Amino acid sequence: MKAVIQRVRRASLTADGVLFSEIEAGMLILLGVCPEDTEQEVDFLVRKCANLRIFEDENGKMNRSPTDANAQVLAVSQFTLLGSCAEGNRPYFG
């Protein structure tokens with residue numbers, strides 16, 4: 001399991017011209033999950049993302065979690081994060 005996390009002012013997910021979801025200021029999570037991932041790994045990642053202090057407090061320091069900041073979250077499946085380029089020039093997803 002791999003995740004790329006980004007703070008955003010706004011984000012949306014569109015496929016074939018159809019808007020599926022959008023958020024205002026918050027957190028965008030690109031998430032790659034594979035069959036070998038365990039429930040414990042999922043629980044860990046959920047807790048980590050919910051408590052990651054990447055939002056500014058009243059003093060301008062990154063000291064607030066998405067929960068503290070009442071931030072919106074958009075999670076997007078991104079299987080390409082799991083591709084291996086260790087051999088050759090084509091990613092392997094096996």
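F20 is found in strand 3, which spans residues 18-23; strands (E, at least two residues) and helices (H or I, at least four) are DSSP runs numbered from the N terminus. The model is predicted: local features need pLDDT of at least 70 and side-chain atom pairs count only at pLDDT 80 or more, while totals for chains, interfaces and linings use all residues. Residues are numbered from 1 along each chain as its sequence is written, and side-chain values use heavy atoms, with hydrogens and water left out.

F20 is exposed, with a relative accessible area of 57%; buried means under 20%, exposed over 50%, and partly exposed in between (1.4 Å probe, protein chains only). Together with L13 and V18, F20 makes a nonpolar surface patch of about 270 Å². Such patches comprise residues with over 30% relative accessible area and no salt bridge, nonpolar side chains (Val, Leu, Ile, Met, Phe, Trp, Tyr) being joined within 5 Å and like charges within 9 Å; the areas come from the Shrake-Rupley method with a 1.4 Å probe, and for residues only the protein chains shown count as cover.

## Strand 4 and its partners

Strand 4 is largely enclosed by the rest of the structure, because five of its seven residues are buried. Strand 1 (residues 2-8) runs antiparallel to strand 4 and is joined to it by seven bridges, with V8 opposite G26. Strand 7 runs parallel to strand 4, and six bridges join the two; within this pairing, I29 has A75 as its bridge partner. Two strands pair if DSSP finds at least two bridges between them.

## Nonpolar cores

The largest nonpolar core has seven residues: M27, I29, L45, C49, I54, F55 and A71. Strand 4 (26-32) and helix 1 (39-51) are the elements that give two or more residues to this core. A second, separate core of six residues includes A11, I23, L28 and L74. A nonpolar core is a set of buried Ala, Val, Leu, Ile, Met, Phe, Trp, Tyr and Cys residues joined through side-chain atoms within 4.5 Å.

Beyond its neighbours within four places in sequence, F55 is in contact (heavy atoms within 4.5 Å) with residues including R7, G26, M27, K61 and A71.

## The salt bridge

One salt bridge (a side-chain nitrogen of Lys or Arg within 4 Å of a carboxyl oxygen of Asp or Glu) is found in the whole structure. E24 forms this type of pair with R10, the closest N and O atoms being 3.2 Å apart. The pair links distant parts of the chain, 14 residues apart: E24 in the loop between strand 3 and strand 4, and R10 in the loop between strand 1 and strand 2 (11-15). E24 is partly exposed at 44% relative accessible area, whereas R10 is exposed at 54%.
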